[in-house]
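This report considers disulfides, salt bridges and surface charge. The sequence and structure are shown first.

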Amino acid sequence: MDCCHKVKRLSFCIHALCVFLLAVICAPSVAQSGVFLTEDDFYQQTFNSQVPDVEVLWLKAEQKEQAKNILGRPFSRLRVRYRSLNQRSAWILEEIGKDRPITFGVVVDKGRIADISVLEYRESRGGEIRHNFFTDQFLGLGLRNNQAPTLDGRIDGITGATLSVRASRKIATLALFFHQLVMDAKPSELKQARR
Amino acid sequence: MPNPVSSNRQDVDQALQRRIIKSKIRFTLWRWHRRIGILSAIFVLLLSLTGILLNHTNAWRLNQASLPQSFAAAFYGMTPPVIKSTSENGMTLSQLDGKALYFGEQAIGTCQGKLVGAVFVDEIWVLACSNEVILLSPNGQLIDRKSTDASVTNIGRCQSNVCIEYEEDQVQINLDTLELAASIGHNLESMPLQTPPPALEAKLRQQYGSSITWERWIQDLHSGRLIGAWGVYLMDGMAILFVLIALSGIVMWSLGKRRNKR
């Protein structure tokens, strides 16, 4: 009887361990993708409910070329929409991680990153980049104007999220570049005629 | 006392027995080796040739060369794509199989969902797919794009503006900012989707077949997948036969070597 009891306990333990391992394996992949912040909420929290109107930055050929150098791929759009108030601008940009696009919201204030958020994540893994322990690294970073503009600080990666980390670096750099274009341009050039 | 003569005779008889058995084994192996060889010869040739091709797909650009439409239809059951188009201002915008977008003959990517319609206003093309609005320049360059929360069912001119319709709502699009504002329910002037002109249709169908490359076809031929799941089992069976040929060949060689030594 004692032997049977031990066998039953062992069997129960094995079953419980299997269920636990299954939960541990499945849970992260289920929790990765999702919408974490809507565009409206992003703008609300950026501008403290005084959300400015949408503005448009039209890109010249050489600026598209710089954007291409930052992303490592052609930047297909002729213009980018953003919102800005004083020296603060907010950008919603997308970049592909491994297979699917990641939607980022980036806030730049006086040429430095004030906030970067993952608005929507569509991959099955690598979603750790949305957490503060990663995004806080970007705060205060500016642009180093090389042949291909880069961030002027180092970002530590996350094991298992290399491509997502790379995408976030590119988008942060791109947002800083666009912010610089907006702040450098004369007001009359910002809303030029459509091409 | 054992008789040395009869003892020797027994040894000779036993040796002879062993030689006969080994000969029979060798003969049996040789017979089956030959049968399997004949049976699998054509597969050896096929796998060797496709293997050589697969080793050089980059150099010979097999990963870029497209399979003809007829092959794609025959081997992959690819039905001719459904093409929806809309034309205005001398230009045709098309979508193939609810995916690839074409500006004339030029592929311009994809959009989220099926093409609902397009309008040409103020020197800008405004396309609506089920879940996206796209702006194109007069020569087909992407200006901007924006996802929609709800499914778009119609797009058209509403007085001097552009409006899109969802199931129950109609909204006006600001082409500068892509912001949507409530509209008062205008009658939309939309261009209906139709099949493109025959010449363009033929060119688009030909281009669409290019999603399958020669490399893909050769890989499927090599693995047997070209004829379905049974093709894979057939190739597995052939691989087992190749193993049997190799083993039988080794055993025959080994038996022959020992015989030659004697």
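A residue is called buried under 20% relative accessible area, exposed over 50%, and partly exposed in between (1.4 Å probe, protein chains only). The model is predicted: local features need pLDDT of at least 70, side-chain atom pairs count only at pLDDT 80 or more, and totals for chains, interfaces and linings use all residues. Residues are numbered from 1 along each chain as its sequence is written, chains are lettered from A and ligands numbered from 1 in the order in which they are written, and side-chain values use heavy atoms, with hydrogens and water left out.

**Salt bridges**

A salt bridge is a side-chain nitrogen of Lys or Arg within 4 Å of a carboxyl oxygen of Asp or Glu. Over all chains, the structure holds 18 salt bridges. The table gives examples.

| Pair | N to O distance |
|---|---|
| Asp144(B) and Arg79(A) | 2.9 Å |
| Arg157(B) and Glu88(B) | 2.6 Å |
| Lys203(B) and Glu105(B) | 3.4 Å |

Lys203(B), in helix α3 (residues 198–208) of chain B, and Glu105(B), in the loop between β3 (100–103) and β4 of chain B, are 98 residues apart. Glu105(B) is partly exposed, at 41% relative accessibility, and Lys203(B) is partly exposed with a relative accessible area of 41%. By contrast, Arg157(B) and Glu88(B) are both buried, as are Asp144(B) and Arg79(A). Arg77(A), Arg79(A), Arg81(A) and Asp144(B) are joined into one network by salt bridges that share partners.

**Disulfides**

A disulfide is a covalent bond between the sulfur atoms of two cysteines. Here the term is applied to a pair of cysteine sulfur atoms within 2.5 Å, and the count comes to two over all chains.

In one, the sulfur atoms of Cys111(B) and Cys129(B) are 1.7 Å apart. This link is left-handed, with -85 degrees about the S-S bond. Cys111(B) is buried at 9% relative accessible area, and Cys129(B) is buried at 0%.

The other joins Cys158(B) to Cys163(B), with an S to S distance of 1.9 Å. Its torsion about the S-S bond is about 75 degrees, so this disulfide is right-handed. Cys158(B) is buried at 1% relative accessibility, and Cys163(B) is buried at 0%. With the bonded cysteines of chain B numbered in sequence order, the pairing is 1-2, 3-4.

Methods: Helices (H or I, at least four residues) and strands (E, at least two) are DSSP runs, numbered from the N terminus.
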